[in-house]
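Please check each point against the coordinates.

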Amino acid sequence: MQQTHNPLESTRYRRGWEKLREIDGEAGERVVESLADIAPDFARYLIEFPFGDIYSRPQLDLKSREIGVVAALTALGNAAPQLKVHIHGALNVGCTRDEVVEIIMQMAIYAGFPAALNGLFAAKEVFAERDAA
């Protein structure tokens with residue numbers, strides 16, 4: 001059975017891809033590309049829903065959204081690769097290094113010191129990567 005092309009999905013995908021590139025640049029593209037051989041549909045969902053639908057909503061600016069994502073991923077405590085991508089994203093959309101550190105430190109109150117420590121070490125790695133580039 002052949003699938004028909006849905007223009008709405010195509011619009012969602014294009015809008016999501018543009019938003020992903022605006023926030024995460026090459027790091028986001030690498031995540032999507034790394035899924036191509038194992039779960040291409042998941043890569044499409046990742047672009048369409050989070051970036052095409054949610055990040056594209058006008059109610060929050062991208063800096064505010066990335067602050068929320070850095071806080072949430074820090075609080076999870078088990079998402080270091082995704083946290084690093086979103087720390088880059090936060091810096092790309094206007095957060096300062098000091099703001100990123102403060103966001104992560106605040107999570108010690110709500111998620112515990114181990115989660116905040118893991119987040120700070122992730123931030124340290126991202127800052128070092130950016131300094132080396």
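Is glutamate 48 buried or exposed? Glutamate 48 is buried, because its relative accessible area is 3%, under the 20% cut-off. The model is a predicted one, and the points below should be read with that in mind.

1. Glutamate 48 has a charged partner. A salt bridge joins glutamate 48 to arginine 12, with 3.6 Å between the closest N and O atoms. The two residues sit in distant parts of the chain, 36 residues apart: arginine 12 belongs to helix H1 (residues 7-34) and glutamate 48 to helix H2 (residues 40-54).

2. This pair is part of a wider arrangement. A network of salt bridges links Arg12 and Glu48 with Arg15, Asp41, Arg44 and Asp53. In total, the structure has eleven salt bridges.

3. A second pair lies within one helix. Lysine 19 and glutamate 22 form a salt bridge whose closest N and O atoms are 3.4 Å apart. Both residues are in helix H1, and because they are three residues apart, about one helical turn separates them.

4. In the salt bridge between glutamate 125 and lysine 84, the closest N and O atoms are 2.4 Å apart. Glutamate 125 is in helix H6 (residues 113-132) and lysine 84 in helix H4 (residues 80-92), so this contact ties together parts of the chain that are 41 residues apart in sequence. Glutamate 125 is partly exposed, with 38% relative accessibility. Lysine 84 is also partly exposed, its relative accessible area being 23%.

5. The remaining point concerns the largest pocket. Its volume is about 280 Å³. Its lining comprises 14 residues, and those nearest the centre are Val31, Leu46, Gln82, Val85 and His86. At least two lining residues come from each of H1, H2, helix H3 (62-76) and H4. Which classes of residue make up this lining? Ten are nonpolar, three polar and one charged.

Terms used:
Residues numbered from 1 in each chain as written. Predicted model: local features only at pLDDT ≥ 70, side-chain atom pairs only at ≥ 80, totals over all residues. Heavy atoms only, no water. Salt bridge = Lys/Arg side-chain N within 4 Å of Asp/Glu carboxyl O. Helix = DSSP H or I, 4+ residues; strand = E, 2+ residues; numbered from the N terminus. Buried < 20%, exposed > 50% of the residue type's maximum accessible area, 1.4 Å probe, protein only. 1 Å grid on protein atoms, 1.4 Å probe; cavity = no way out; pocket = protein on both sides within 12 Å on 5 of 7 lines; lining within 4 Å. Points joined across faces, edges and corners; volume = space filled by probe spheres on them. Nonpolar A, V, L, I, M, F, W, Y, C, P; charged D, E, K, R; others polar.
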